[in-house]
Amino acid sequence: MNKLKASAASEPGPRLQNVNRYLEKNFPDFFAEVRFQVGNDDYFLYSRFGRYLARSIENRAPRDKIYRGFTVLNKMARVSAKDPAVRRMLVTGPLEELVDHPKARALARKRLSSVAQGYLEGLCE
């Protein structure tokens with residue numbers, strides 16, 4: 001029983017329900033494809049979302065699409081303030097992907113919340 005509680009505490013799934021709904025609503029094709037490929041694994045979902053957002057920025061996608069992408073990350077950062085598992089997922093997933101793309105990193109410095117920017121700066125050092 002104790003092992004089950006520890007496992008459930010480390011799983012960020014339920015805490016990310018609102019973020020998942022926003023992601024599914026605003027990026028339905030991306031969400032459906034990734035869920036089909038990796039199932040309900042939120043870590044891979046958000047890691048791939050970071051890569052998707054970085055490529056969208058590099059390829060000059062429409063501004064509103066990019067801003068919605070940053071809204072996903074900002075919502076995730078808000079949840080991460082209370083949940084270390086979500087914080088790890090945010091830093092080692094989508095933010096790490098943004099660091100590798102110069103245009104995406106520059107735009108992230110302007111569009112991310114102060115919490116997410118702090119995590120991003122930690123990765124850049």
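**View 1. Surroundings of tyrosine 46 in the predicted model****.** Leaving aside neighbours within four places in sequence, tyrosine 46 is in contact with Leu16, Val19, Asn20, Leu23, Val72, Met76, Met89, Gly93 and Pro94. Tyrosine 46 belongs to helix H4. The residue counts as buried because its relative accessibility is 0%, below the 20% limit for that class. Between the C-alpha atoms of tyrosine 46 and leucine 73 the distance in space is 9.0 Å, although these residues are 27 apart in sequence.

**View 2. The whole chain and the confidence of the prediction****.** Of its 125 residues, 40% are buried. Among contacts between residues at least 6 apart in sequence, 59% join residues at least 24 apart. The average pLDDT of the protein is 83, and 86% of the residues score at least 70. Confidence is highest in helix H2 (residues 17-26), with a mean of 93, and lowest in helix H1 (residues 2-10), with a mean of 41. Over residues 1-10 the pLDDT is below 50, and this stretch has three contacts in the model beyond near neighbours in sequence. Where pLDDT is low, the predicted coordinates should not be read in detail.

**View 3. The largest nonpolar core****.** This core has 34 residues, and those with the most contacts inside it are Leu23, Tyr46, Phe70, Leu73 and Leu98. At least two core residues come from each of H2, helix H3 (28-38), H4, helix H5 (63-80), helix H6 (84-99), helix H7 (102-111) and helix H8 (114-124). The greatest contribution is that of H6, with seven residues.

**View 4. Leucine 73 and leucine 98 within the core****.** Leucine 73 is placed in helix H5. With a relative accessible area of 0%, leucine 73 is buried. Not counting residues up to four places away in sequence, leucine 73 touches Phe49, Leu53, Leu90, Pro94, Leu95, Leu98 and Leu112. Leucine 73 and serine 113 are separated by 40 residues in sequence, and their C-alpha atoms are 8.6 Å apart in space. Leucine 98, with neighbours within four places in sequence left aside, is in contact with Gly50, Leu53, Ala54, Phe70, Leu73, Ala104, Arg105 and Ala108.

**View 5. Aspartate 42 and serine 47 in helix H4****.** Helix H4 spans residues 42-58, and aspartate 42 lies in it. The side chain of aspartate 42 makes a polar contact with the side chain of arginine 35, at 2.8 Å. Aspartate 42 is buried, since its relative accessible area is 8%, which falls under the 20% limit. Serine 47 also lies in helix H4, and at 9% relative accessibility serine 47 likewise counts as buried. Apart from residues up to four places away in sequence, serine 47 touches Gly93, Pro94 and Glu97.

View 6. In one of them, tyrosine 43 and phenylalanine 44 are arranged edge-to-face, with 5.5 Å from centre to centre and 80° between the planes. Tyrosine 43 is partly exposed, with a relative accessible area of 31%. Phenylalanine 44 is also partly exposed, with a relative accessible area of 40%. Both residues are placed in this class because their values lie between the limits of 20% and 50%. Elsewhere, Phe27, Phe30, Phe49 and Tyr52 form one aromatic cluster. Arginine 68 lies over the face of phenylalanine 27, at 5.7 Å from the ring centre. The charged end of arginine 111 sits over the ring of tyrosine 67, and its distance from the ring centre is 3.7 Å.

**View 7. Arginine 60 in the loop between H4 and H5****.** Arginine 60 has a phi value near 60°, a positive value in a residue other than glycine. Is arginine 60 buried or exposed? Arginine 60 counts as exposed because its relative accessibility is 68%, over the 50% limit.

Definitions and conventions
Residues numbered from 1 in each chain as written. Heavy atoms only, no water. Helix = DSSP H or I, 4+ residues; strand = E, 2+ residues; numbered from the N terminus. Buried < 20%, exposed > 50% of the residue type's maximum accessible area, 1.4 Å probe, protein only. Polar contact = N/O pair within 3.5 Å; in protein donor to acceptor, adjacent residues only side chain to side chain. Contact = heavy atoms within 4.5 Å. pLDDT = per-residue confidence, 0-100. Phe/Tyr/Trp six-rings, centres within 6.5 Å; stacked < 30°, edge-to-face > 60°. Lys NZ or Arg CZ within 6 Å of the ring centre and 35° of its normal. Core = buried A, V, L, I, M, F, W, Y, C linked by side-chain atoms within 4.5 Å.
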